Amino acid sequence: MTLKIDHNSKLPLHVQVENLMRELISSPTYSNGTTFLPKEIELANTLGVSRSTIRQATNKLEYEGLLKRKKGVGTSVAVKKKLSTGLDHWYSFTNEMKEKGIDVFNISLNVELVPANETIAAFFNIEVGKKIVKLSKLKGTKEEPIVYFESYFHPRIGVSLKDDFEIPLYTMLEDKYKIKVVRSNENISARLAGRYANRLGVQASEAILVRERFVYDPGDRPIEYNIGYYRSDKFVYSIDIKSNQ
């Protein structure tokens, strides 16, 4: 791409350089973080500005977390790693992330009574339309949402609308109801964000990951039906396959 400064513009040079740098780091050449940016002296000579002007712009981008410097090596784009989880992890999303040193919190939370649809009724072996507790949670970091969950609980358990759903779900179930979750059957698919776009902060036409869980206790009795809608740009599933040989 062509980098050019307008020396006749009323816009300060460092602001022009900052704007050009934002364009530069979003280009395919640099956006993946594997290629170092041109050195300060090269940029200064190309744009006809001082090195201090270049440094002022790059310092701001580094402060925003967009650039990273390696002393004596160079400057590159700071690529944010996607959160990941293994398919063998059935437990709380909060606890999964805590294991990785990532703090997530409830951006929004809602609890209500809803009629069981055919899928849930068949899993719980109850009548279609029977009122059950539904928990909706939007979880993420301080910067952005990551996943939207909808959980439905078997009426046998006695989960109440007044329960404390701010704590990790399976911790609450075990501490209050002595329900221990040991197994889940899962379906994972991709679909367009559609009506979940606003919650997740993405476009309706963007793809998201959908994880459907059928959760059981030690007696193989159904406990929870859960469906999660994950931002595919922020989350990835990993599979560790080992040979039997």
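Is N125 buried or exposed? The model is a predicted one, in which local features need pLDDT of at least 70 and side-chain atom pairs count only at pLDDT 80 or more, while totals for chains, interfaces and linings use all residues. Residues are numbered from 1 along each chain as its sequence is written, and side-chain values use heavy atoms, with hydrogens and water left out.

N125 is exposed, because its relative accessible area is 70%. The term buried stands for under 20% relative accessible area, exposed for over 50%, and partly exposed for what lies in between, with a 1.4 Å probe and protein chains only. N125 sits in the loop between helix 5 (118-124) and strand 5. Helices (H or I, at least four residues) and strands (E, at least two) are DSSP runs, numbered from the N terminus. The phi of N125 is near 60°, a positive value in a residue other than glycine. Most residues other than glycine have a negative phi. D220 also has a positive phi, near 65°, and is located in the loop between strand 8 (207-216) and strand 9. D220 counts as partly exposed, because its relative accessibility is 45%.

Let us move to the strands. In strand 6 (residues 145-153), nine of the nine residues are buried. On one side, strand 6 pairs with strand 5 (residues 131-140) in the antiparallel sense, over seven bridges; two strands pair if DSSP finds at least two bridges between them. These two strands form a hairpin with four residues between them, and K134 stands opposite Y152 of strand 6. Strand 6 is also joined to strand 9 (residues 222-231) by seven bridges, again antiparallel. There, V147 has Y230 as its bridge partner.

What does K137 touch, beyond residues up to four places away in sequence? K137 belongs to strand 5, and its contacts (heavy atoms within 4.5 Å) include V147, Y148 and F149, as well as F165 and I167. K137 is buried, because its relative accessible area is 7%.

Next, helix 1 (residues 13-25). Its 13 residues should span 18 Å at 1.5 Å a residue, and its end C-alpha atoms are 18 Å apart, which agrees; the expected span is 1.5 Å times one less than the number of residues. Among the buried residues of helix 1 are V17, L20, M21 and L24. Their cover includes helix 2, helix 3, strand 1 and strand 2.

R69, in strand 1, is partly exposed, because its relative accessible area is 33%. Leaving aside neighbours within four places in sequence, R69 contacts E40, R55, T58, N59, E62, G74 and T75. The C-alpha atoms of R69 and T58 are separated by 9.8 Å, and the two residues are eleven apart along the chain.

Thank you for your attention.
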